[in-house]
Amino acid sequence: MPKLEGFEFWSRTLGGARHVVAPMVDQSELAWRLLSRRHGAQLCYTPMLHAQVFVRDANYRKENLYCEVCPEDRPLIVQFCANDPEVFVQAALLAQDHCDAIDLNLGCPQMIAKRGHYGAFLQEEWDLLQRMILLAHEKLSVPVTCKIRVFPEIDKTVRYAQMLEKAGCQLLTVHGRTKEQKGPLSGPASWEHIKAVRKAVAIPVFANGNIQCLRDVERCIRDTGVQGVMSAEGNLHNPALFEGRSPAVWELADEYLAIVQRHPCPLSYVRAHLFKLWHHTLQVHQQLREELAKVKTLEGIAAVSRELKLRCQEDMSRQKEGEKPTGGLPFFHWICQPYFRPGPKEGNRENGAARSKRALEEEEEGSVDVLSKNKQKKQLRNPHKTFDPSLKPKYAKCGQCGNPKGNRCVFNLCRGCCKKQASQETADCPGHGLLFKTKLEKSLAWKGAQPRLPDPQQAGPREPAGFPEVVGSALA
């Protein structure tokens, strides 16, 4: 069958999906996708997969896609991060039989994406992106799609989207934030950028950003004209968002844990989901937060869930008629509801300079001695762990690259630099186990000990036995 493209692909293969669950690292796994589909999601993405690892590692393929094949989990789009056309296509070819489309991640703004040179940090490399999309469009049996972030300028964002469309992109998801808008500096997404892109391209467009409830979904479609709306954070705090419901937090937690029993996933994924789902309740019942952080089994997590349900029901029984939620929340803490990420204080951006997330946390706590939440969790799991920088071991640096040098290296270098120098000088470094000189000497000694073969020129030509008879019989 010919490959469907553009609006035909969206309407027939994706069923005209309008409610979309975003690709989320360690969060949009099969169990969560199935939960979201039960509550109104019409299309889901896998977590972002690394194309290069997917190509070379069979276990990575099995753990992240092949073992998760489930008839209920369709339509499904597999997302890859990549920066090489050949590697991207190789990974996509291995995945295309298990999904309905392949998505290229051009929206990840995190530091790991900057170090790995992928995601939103490719958005200035238009020639490379054209080659990646064009090759994938030519080689794959399923459509290729893209998820992007916007530039500050609307006109540049529009030209960027048109370039991807021309290269062969069949569906575009536009996150209305720049790559600098992340963490506490996220701010609101620009629907104006999304609206301009939708008007400028002839392929379906999904909007991403500012989606916390079903009213936001409907308003976004009305204001921007997009075909669908993607939710990430809103979905994590309320998987029933696309149904327009706000159920009790334990109701969706119990349902999710039942799905995990049938479709297992790492315990860290489950714990992260429940921290999001129970966010407001855990602000009230801090002890349960600590228990959830320390628990090591799925049964232990289920026990925490039961205890949380009892605590919430006790809070409900003490609720007085006409009482309103505290803390500025729209609902009481035991109801699934959006989480609005707090922005930096007014003084945090003097002269336009953005403060780091750690600096913001320190200022919020009022002391630089307070550990970050991540370090507090680590300390809960290991009370003897220390984060005092003065107690960390000091390492002497390699004179060539800056990595820690080997303590017993004869060149005072790290292993990589030592290996190069020892090879060039045919020298040994016992500290790094490099024996170039010793191996050469052994090789020469072995060659010297071998018996010499006679020189063919000195021995003269030797006639093989029986040769004259063979020749004579052949002539006869």
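Buried means under 20% relative accessible area, exposed means over 50%, and partly exposed lies in between. The model used in these exercises is predicted.

**Exercise 1**

Decide whether lysine 375 is buried, exposed or partly exposed.

*Solution.* Start with the place: lysine 375 sits in helix H18, residues 373–381. Next, take its relative accessible area, which is 31%. Buried needs under 20%, and exposed needs over 50%. Lysine 375 is therefore partly exposed.

**Exercise 2**

Name the residues that form a positive surface patch with Lys375.

*Solution.* The patch contains Lys375 together with Lys296, Lys378, Arg381 and Lys385.

**Exercise 3**

Classify the ring pair of tryptophan 126 and tyrosine 160, and locate both residues.

*Solution.* The whole structure holds 8 aromatic pairs. Now locate the partners. Tryptophan 126 belongs to helix H7 (residues 126–139), and tyrosine 160 to helix H8 (residues 154–167). They are 34 residues apart, and the pair links distant parts of the chain.

**Exercise 4**

Classify the pair of phenylalanine 151 and tyrosine 160, then state whether these residues are buried or exposed.

*Solution.* The centres lie 5.2 Å apart, with 75° between the planes. Over 60 degrees counts as edge-to-face, so this pair is edge-to-face. Tyrosine 160 has 0% relative accessibility, so it counts as buried. Phenylalanine 151 is buried too.

**Exercise 5**

Which residues do ring pairs link into a cluster?

*Solution.* The cluster consists of Phe54, Tyr60, Tyr66 and Phe80.

Technical notes. Residues are numbered from 1 along each chain as its sequence is written. This is a predicted model: local features need pLDDT of at least 70, side-chain atom pairs count only at pLDDT 80 or more; totals for chains, interfaces and linings use all residues. Side-chain values use heavy atoms; hydrogens and water are left out. Patches are made of residues with over 30% relative accessible area and no salt bridge: like charges are joined within 9 Å, nonpolar side chains (Val, Leu, Ile, Met, Phe, Trp, Tyr) within 5 Å. Accessible areas come from the Shrake-Rupley method with a 1.4 Å probe; for residues, only the protein chains shown count as cover. A salt bridge is a side-chain nitrogen of Lys or Arg within 4 Å of a carboxyl oxygen of Asp or Glu. Lys and Arg count as positive and Asp and Glu as negative; His and the chain ends are not counted. The place of a charge is taken as NZ of Lys, CZ of Arg, CG of Asp or CD of Glu. Helices (H or I, at least four residues) and strands (E, at least two) are DSSP runs, numbered from the N terminus. Buried means under 20% relative accessible area, exposed over 50%, partly exposed in between (1.4 Å probe, protein chains only). Rings of Phe, Tyr and Trp (its six-membered ring) pair if their centres lie within 6.5 Å; planes under 30 degrees apart count as stacked, over 60 as edge-to-face and the rest as tilted.
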